[in-house]
Amino acid sequence: MNIDQQLIREIMALPHETLLNDLHKVVYDSMARLTLFKEEMDWNIKTHEFVMHALLILVELDDDSSLEVILDILRQDNDYLEHWFGDAVTEDFWELIYHIANDKLSVLRKFVFEPNRYTYSSGVMTQVAEQVVLYQPERRAEVIEWYKSIFEEWVERKDDDSIIDTDLIAFFVTDAVVANLNELSPQITELFEPGLVAEGIAGSLEKCLSDIDTPSTSRKREIFNSIEERYHHFTSTWLNYTDDYERDYEDYEDYEDTETRNESYQKTENIIPLPVLRAKVGRNDPCPCGSGKKYKKCCLMV
(Lines give C-alpha, C1' and ligand atoms only; values in the text may rest on other atoms or scores of the structure.)
Protein backbone atom coordinates (compact mmCIF):
# COMPACT_ATOMS: atom_id res chain seq x y z
CA MET A 1 0.00 0.00 0.00
CA ASN A 2 3.06 2.25 0.10
CA ILE A 3 2.78 2.59 -3.66
CA ASP A 4 3.99 5.74 -5.41
CA GLN A 5 0.94 7.97 -5.73
CA GLN A 6 2.19 9.28 -9.05
CA LEU A 7 1.82 5.73 -10.42
CA ILE A 8 -1.77 5.64 -9.13
CA ARG A 9 -2.49 8.92 -10.93
CA GLU A 10 -0.98 7.55 -14.14
CA ILE A 11 -3.23 4.50 -13.87
CA MET A 12 -6.26 6.71 -13.29
CA ALA A 13 -5.39 8.72 -16.41
CA LEU A 14 -5.81 5.65 -18.64
CA PRO A 15 -8.90 5.50 -20.92
CA HIS A 16 -11.89 5.40 -18.61
CA GLU A 17 -13.90 2.49 -20.00
CA THR A 18 -11.03 0.09 -20.49
CA LEU A 19 -9.61 0.99 -17.08
CA LEU A 20 -12.95 0.27 -15.43
CA ASN A 21 -13.22 -3.07 -17.21
CA ASP A 22 -9.70 -4.05 -16.16
CA LEU A 23 -10.30 -3.10 -12.53
CA HIS A 24 -13.55 -5.05 -12.48
CA LYS A 25 -11.66 -8.07 -13.83
CA VAL A 26 -9.09 -7.70 -11.07
CA VAL A 27 -11.84 -7.84 -8.46
CA TYR A 28 -13.57 -10.87 -9.96
CA ASP A 29 -10.24 -12.65 -10.41
CA SER A 30 -9.71 -12.38 -6.66
CA MET A 31 -12.96 -14.31 -6.25
CA ALA A 32 -12.44 -16.87 -9.01
CA ARG A 33 -8.94 -17.82 -7.87
CA LEU A 34 -9.33 -17.47 -4.10
CA THR A 35 -8.08 -21.03 -3.56
CA LEU A 36 -4.89 -20.25 -5.46
CA PHE A 37 -4.19 -17.01 -3.61
CA LYS A 38 -5.17 -18.37 -0.20
CA GLU A 39 -3.93 -21.96 -0.19
CA GLU A 40 -1.30 -22.32 -2.89
CA MET A 41 0.59 -19.03 -2.64
CA ASP A 42 2.33 -17.50 0.36
CA TRP A 43 0.92 -14.16 1.34
CA ASN A 44 3.27 -11.34 0.40
CA ILE A 45 2.54 -7.80 1.48
CA LYS A 46 4.14 -6.43 -1.69
CA THR A 47 2.09 -8.45 -4.15
CA HIS A 48 -1.21 -9.38 -2.48
CA GLU A 49 -2.83 -5.98 -1.91
CA PHE A 50 -3.96 -5.75 -5.55
CA VAL A 51 -7.66 -6.11 -4.71
CA MET A 52 -7.48 -3.17 -2.33
CA HIS A 53 -5.66 -1.07 -4.94
CA ALA A 54 -8.39 -1.88 -7.48
CA LEU A 55 -11.10 -1.02 -4.95
CA LEU A 56 -9.58 2.33 -4.03
CA ILE A 57 -9.14 3.34 -7.67
CA LEU A 58 -12.73 2.30 -8.48
CA VAL A 59 -14.03 4.46 -5.65
CA GLU A 60 -11.95 7.42 -6.83
CA LEU A 61 -13.23 7.02 -10.40
CA ASP A 62 -16.75 7.27 -8.95
CA ASP A 63 -18.50 5.41 -11.77
CA ASP A 64 -22.02 4.07 -11.17
CA SER A 65 -21.11 0.74 -12.75
CA SER A 66 -18.67 0.03 -9.93
CA LEU A 67 -21.22 0.06 -7.11
CA GLU A 68 -22.51 -3.37 -8.05
CA VAL A 69 -18.94 -4.66 -8.28
CA ILE A 70 -18.21 -3.41 -4.76
CA LEU A 71 -21.46 -4.94 -3.50
CA ASP A 72 -20.37 -8.20 -5.14
CA ILE A 73 -17.29 -8.07 -2.94
CA LEU A 74 -19.56 -7.84 0.11
CA ARG A 75 -21.63 -10.74 -1.23
CA GLN A 76 -18.68 -13.09 -0.74
CA ASP A 77 -18.34 -15.33 2.29
CA ASN A 78 -16.29 -14.73 5.40
CA ASP A 79 -13.27 -16.69 4.09
CA TYR A 80 -12.93 -14.38 1.09
CA LEU A 81 -13.52 -11.16 3.02
CA GLU A 82 -11.16 -12.09 5.83
CA HIS A 83 -8.42 -13.12 3.42
CA TRP A 84 -8.43 -9.95 1.34
CA PHE A 85 -9.73 -7.28 3.70
CA GLY A 86 -9.80 -8.41 7.34
CA ASP A 87 -11.18 -5.69 9.58
CA ALA A 88 -11.41 -3.25 6.67
CA VAL A 89 -14.92 -4.65 6.07
CA THR A 90 -16.20 -3.33 9.39
CA GLU A 91 -13.83 -0.39 9.76
CA ASP A 92 -13.39 1.07 6.27
CA PHE A 93 -15.90 -0.20 3.70
CA TRP A 94 -18.62 2.17 4.89
CA GLU A 95 -16.52 5.18 3.79
CA LEU A 96 -15.92 3.71 0.32
CA ILE A 97 -19.62 3.05 -0.19
CA TYR A 98 -20.57 6.40 1.34
CA HIS A 99 -18.36 8.09 -1.27
CA ILE A 100 -20.10 6.50 -4.25
CA ALA A 101 -23.57 5.63 -2.95
CA ASN A 102 -24.69 7.87 -0.07
CA ASP A 103 -27.40 9.09 -2.45
CA LYS A 104 -28.46 5.53 -3.33
CA LEU A 105 -29.94 4.34 -0.05
CA SER A 106 -32.61 2.35 -1.89
CA VAL A 107 -29.88 0.19 -3.43
CA LEU A 108 -28.32 -0.34 -0.01
CA ARG A 109 -31.73 -1.27 1.42
CA LYS A 110 -32.15 -3.91 -1.26
CA PHE A 111 -28.79 -5.42 -0.29
CA VAL A 112 -29.94 -5.75 3.35
CA PHE A 113 -32.73 -8.09 2.27
CA GLU A 114 -30.65 -10.34 0.07
CA PRO A 115 -30.94 -13.77 1.72
CA ASN A 116 -28.20 -15.28 3.84
CA ARG A 117 -25.74 -12.43 3.60
CA TYR A 118 -22.74 -12.19 5.92
CA THR A 119 -23.72 -10.17 8.99
CA TYR A 120 -20.90 -7.66 8.78
CA SER A 121 -21.36 -7.08 5.04
CA SER A 122 -24.98 -6.06 5.56
CA GLY A 123 -23.91 -4.08 8.62
CA VAL A 124 -21.94 -1.74 6.37
CA MET A 125 -25.27 -0.38 5.07
CA THR A 126 -26.39 0.97 8.44
CA GLN A 127 -22.94 2.51 8.97
CA VAL A 128 -23.45 4.45 5.74
CA ALA A 129 -26.97 5.57 6.72
CA GLU A 130 -25.80 6.68 10.17
CA GLN A 131 -23.08 8.84 8.65
CA VAL A 132 -25.54 10.32 6.14
CA VAL A 133 -27.70 11.67 8.95
CA LEU A 134 -24.65 12.92 10.87
CA TYR A 135 -22.99 14.63 7.91
CA GLN A 136 -26.16 15.65 6.10
CA PRO A 137 -28.75 16.49 8.79
CA GLU A 138 -31.05 17.92 6.13
CA ARG A 139 -31.62 14.30 5.03
CA ARG A 140 -32.78 13.18 8.48
CA ALA A 141 -36.37 12.52 7.35
CA GLU A 142 -35.13 10.43 4.41
CA VAL A 143 -32.88 8.33 6.65
CA ILE A 144 -35.68 7.83 9.19
CA GLU A 145 -37.96 6.52 6.46
CA TRP A 146 -35.15 4.23 5.29
CA TYR A 147 -34.73 2.69 8.74
CA LYS A 148 -38.48 2.56 9.29
CA SER A 149 -39.13 0.58 6.12
CA ILE A 150 -36.35 -1.87 6.99
CA PHE A 151 -37.54 -2.34 10.58
CA GLU A 152 -41.12 -2.86 9.48
CA GLU A 153 -40.12 -5.45 6.87
CA TRP A 154 -38.12 -7.38 9.45
CA VAL A 155 -41.18 -7.50 11.70
CA GLU A 156 -43.38 -8.63 8.80
CA ARG A 157 -40.89 -11.34 7.84
CA LYS A 158 -39.88 -12.34 11.35
CA ASP A 159 -40.14 -16.06 10.52
CA ASP A 160 -37.91 -15.84 7.44
CA ASP A 161 -34.59 -17.24 8.64
CA SER A 162 -32.86 -16.23 5.39
CA ILE A 163 -33.08 -12.53 6.31
CA ILE A 164 -33.53 -12.47 10.08
CA ASP A 165 -30.18 -11.99 11.78
CA THR A 166 -30.55 -10.74 15.35
CA ASP A 167 -26.98 -9.43 15.47
CA LEU A 168 -27.47 -7.44 12.27
CA ILE A 169 -30.79 -6.05 13.51
CA ALA A 170 -29.05 -5.01 16.72
CA PHE A 171 -26.43 -3.11 14.71
CA PHE A 172 -29.18 -1.22 12.90
CA VAL A 173 -31.05 -0.45 16.12
CA THR A 174 -27.87 0.72 17.85
CA ASP A 175 -27.01 3.11 15.01
CA ALA A 176 -30.54 4.52 15.00
CA VAL A 177 -30.35 5.03 18.77
CA VAL A 178 -26.95 6.71 18.68
CA ALA A 179 -28.13 9.00 15.88
CA ASN A 180 -31.07 9.97 18.13
CA LEU A 181 -33.68 8.97 15.55
CA ASN A 182 -36.38 8.94 18.23
CA GLU A 183 -39.13 8.87 15.62
CA LEU A 184 -38.25 5.18 15.25
CA SER A 185 -39.12 4.24 18.85
CA PRO A 186 -42.37 2.44 17.84
CA GLN A 187 -40.58 0.35 15.21
CA ILE A 188 -37.74 -0.48 17.60
CA THR A 189 -40.29 -1.61 20.17
CA GLU A 190 -41.92 -3.87 17.58
CA LEU A 191 -38.55 -5.45 16.82
CA PHE A 192 -37.89 -6.24 20.47
CA GLU A 193 -41.29 -7.83 21.15
CA PRO A 194 -40.69 -11.04 19.11
CA GLY A 195 -37.03 -11.17 20.19
CA LEU A 196 -35.51 -10.01 16.90
CA VAL A 197 -32.81 -7.84 18.52
CA ALA A 198 -29.63 -9.29 20.07
CA GLU A 199 -29.67 -7.56 23.44
CA GLY A 200 -26.03 -8.44 24.03
CA ILE A 201 -25.25 -5.90 21.30
CA ALA A 202 -28.05 -3.32 21.51
CA GLY A 203 -28.93 -3.56 25.18
CA SER A 204 -32.46 -3.83 26.51
CA LEU A 205 -35.50 -2.16 24.97
CA GLU A 206 -35.74 0.14 27.98
CA LYS A 207 -32.13 1.26 27.53
CA CYS A 208 -32.61 1.84 23.80
CA LEU A 209 -35.73 3.94 24.35
CA SER A 210 -33.94 5.95 27.02
CA ASP A 211 -30.75 6.47 25.01
CA ILE A 212 -32.50 7.42 21.79
CA ASP A 213 -33.72 10.62 23.46
CA THR A 214 -30.38 11.34 25.08
CA PRO A 215 -27.98 13.56 23.11
CA SER A 216 -24.79 11.56 22.60
CA THR A 217 -21.29 12.36 21.50
CA SER A 218 -21.30 12.45 17.72
CA ARG A 219 -20.09 9.26 16.08
CA LYS A 220 -18.96 11.06 12.96
CA ARG A 221 -16.28 9.04 11.22
CA GLU A 222 -13.62 10.49 8.99
CA ILE A 223 -14.55 10.97 5.34
CA PHE A 224 -11.67 11.33 2.89
CA ASN A 225 -11.54 13.79 0.02
CA SER A 226 -9.04 12.00 -2.21
CA ILE A 227 -7.42 8.68 -2.94
CA GLU A 228 -4.16 9.99 -1.46
CA GLU A 229 -5.94 10.53 1.86
CA ARG A 230 -7.30 6.99 1.75
CA TYR A 231 -3.88 5.50 1.11
CA HIS A 232 -2.44 7.56 3.95
CA HIS A 233 -5.22 6.31 6.22
CA PHE A 234 -4.41 2.67 5.50
CA THR A 235 -0.64 2.98 5.74
CA SER A 236 -0.86 4.94 8.98
CA THR A 237 -3.43 2.72 10.72
CA TRP A 238 -2.90 -0.85 9.50
CA LEU A 239 -0.58 -2.67 11.88
CA ASN A 240 1.74 -4.09 9.21
CA TYR A 241 2.58 -0.65 7.78
CA THR A 242 4.11 0.63 10.99
CA ASP A 243 7.87 1.14 10.96
CA ASP A 244 8.50 -1.69 13.42
CA TYR A 245 6.41 -4.17 11.45
CA GLU A 246 8.08 -3.25 8.14
CA ARG A 247 11.54 -3.76 9.68
CA ASP A 248 10.57 -7.07 11.27
CA TYR A 249 8.91 -8.24 8.05
CA GLU A 250 12.10 -7.66 6.06
CA ASP A 251 14.16 -9.53 8.65
CA TYR A 252 11.63 -12.35 8.64
CA GLU A 253 11.77 -12.66 4.82
CA ASP A 254 15.58 -13.03 4.83
CA TYR A 255 15.28 -16.73 5.67
CA GLU A 256 14.91 -19.14 2.77
CA ASP A 257 12.18 -21.40 4.12
CA THR A 258 9.31 -20.99 6.55
CA GLU A 259 10.49 -23.57 9.09
CA THR A 260 13.97 -22.06 9.35
CA ARG A 261 12.41 -18.58 9.46
CA ASN A 262 10.19 -19.44 12.40
CA GLU A 263 12.91 -21.23 14.38
CA SER A 264 15.54 -18.52 13.86
CA TYR A 265 13.13 -15.64 14.19
CA GLN A 266 11.81 -16.76 17.55
CA LYS A 267 15.37 -16.97 18.89
CA THR A 268 16.00 -13.31 18.08
CA GLU A 269 15.56 -11.37 21.29
CA ASN A 270 14.67 -7.99 19.84
CA ILE A 271 12.17 -9.03 17.17
CA ILE A 272 8.53 -9.92 17.69
CA PRO A 273 7.83 -13.54 16.60
CA LEU A 274 5.35 -13.82 13.74
CA PRO A 275 3.81 -17.31 13.83
CA VAL A 276 1.44 -16.39 10.99
CA LEU A 277 2.37 -13.74 8.44
CA ARG A 278 -0.70 -11.77 7.40
CA ALA A 279 -1.39 -8.57 5.51
CA LYS A 280 -3.67 -7.36 8.29
CA VAL A 281 -4.23 -8.47 11.86
CA GLY A 282 -7.93 -8.87 12.52
CA ARG A 283 -9.43 -8.02 15.88
CA ASN A 284 -10.07 -11.71 16.57
CA ASP A 285 -6.70 -12.98 15.33
CA PRO A 286 -3.93 -14.07 17.69
CA CYS A 287 -1.95 -11.01 18.72
CA PRO A 288 1.40 -10.84 16.88
CA CYS A 289 3.16 -10.02 20.15
CA GLY A 290 2.89 -13.71 21.04
CA SER A 291 0.80 -13.24 24.20
CA GLY A 292 -1.71 -15.88 23.14
CA LYS A 293 -4.55 -13.39 23.48
CA LYS A 294 -6.72 -12.09 20.67
CA TYR A 295 -5.40 -8.88 19.11
CA LYS A 296 -8.48 -6.92 20.24
CA LYS A 297 -7.80 -7.96 23.84
CA CYS A 298 -4.10 -7.19 23.68
CA CYS A 299 -2.02 -4.73 21.61
CA LEU A 300 -5.05 -3.20 19.88
CA MET A 301 -6.02 -1.77 23.27
CA VAL A 302 -2.63 -0.07 23.77
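Colleague: Buried means under 20% relative accessible area, exposed means over 50%, and partly exposed is in between; which of these words applies to E228?

Modeller: Please note that this is a predicted model. E228 has 28% relative accessibility, so it counts as partly exposed.

Colleague: With which residue does E228 form a salt bridge?

Modeller: Its partner is R9, and the closest N and O atoms are 2.8 Å apart. This pair links distant parts of the chain, since E228 lies in helix α16 and R9 in helix α1, 219 residues apart.

Colleague: And R9 itself, how accessible is it?

Modeller: R9 is partly exposed, because its relative accessibility is 32%. R9 also forms a salt bridge with E60, with the closest N and O atoms 3.9 Å apart. Here too distant parts of the chain are linked: R9 belongs to helix α1 (residues 5–12) and E60 to helix α4, 51 residues apart. E60 has a relative accessible area of 19%, so it counts as buried.

Colleague: Which residues make up the network of salt bridges?

Modeller: The network links R9, E60, E95, E228 and R230. Within it, R230 and E95 form a salt bridge whose closest N and O atoms are 2.9 Å apart. R230 is in helix α16 and E95 in helix α8, so this pair ties together parts that are 135 residues apart in sequence. Both R230 and E95 are buried.

Colleague: How many salt bridges does the structure hold?

Modeller: The structure holds 20 salt bridges.

Colleague: Back to α8, then. How many of its residues are buried?

Modeller: Helix α8 (residues 93–101) is mostly covered, with eight of its nine residues buried. Among them are E95, W94 and I97.

Colleague: What covers those buried residues?

Modeller: The cover includes α4, α5 (65–74), α7 (88–91), α9 (105–112), α10 (119–135) and α16 (227–237).

Colleague: Changing topic: which residues have the most contacts inside the largest nonpolar core?

Modeller: That core has 85 residues, and those with the most contacts inside it are F85, I97, M125, F151, W154, F172 and V173. The largest share of the core, nine residues, comes from helix α4 (residues 50–61).

Colleague: What is M125 in contact with, leaving aside its neighbours within four places in sequence?

Modeller: M125 is in contact with L71, L74, I97, L108, F111, V112, W146 and F172.

Colleague: Which residues form the aromatic cluster with F151?

Modeller: F113, W146, Y147, F151, W154 and F172 form one cluster. Inside it, Y147 and F151 make a tilted aromatic pair, 5.8 Å centre to centre with 50 degrees between the planes. These two are four residues apart in helix α11 (residues 140–156), so about one helical turn separates them. F151 also pairs with W154; this pair is stacked, at 6.1 Å centre to centre and 20 degrees between the planes. F151 and W154 are three residues apart in helix α11.

Colleague: Are F151 and W154 buried or exposed?

Modeller: F151 and W154 are both buried, and Y147 is buried as well.

Colleague: Finally, how many helices and strands are there in the chain?

Modeller: The chain has 18 helices and zero strands. Of its 302 residues, 48% count as buried. Among contacts between residues at least 6 apart in sequence, 71% join residues at least 24 apart.

Terms used: Residues numbered from 1 in each chain as written. Predicted model: local features only at pLDDT ≥ 70, side-chain atom pairs only at ≥ 80, totals over all residues. Heavy atoms only, no water. Core = buried A, V, L, I, M, F, W, Y, C linked by side-chain atoms within 4.5 Å. Buried < 20%, exposed > 50% of the residue type's maximum accessible area, 1.4 Å probe, protein only. Contact = heavy atoms within 4.5 Å. Phe/Tyr/Trp six-rings, centres within 6.5 Å; stacked < 30°, edge-to-face > 60°. Salt bridge = Lys/Arg side-chain N within 4 Å of Asp/Glu carboxyl O.
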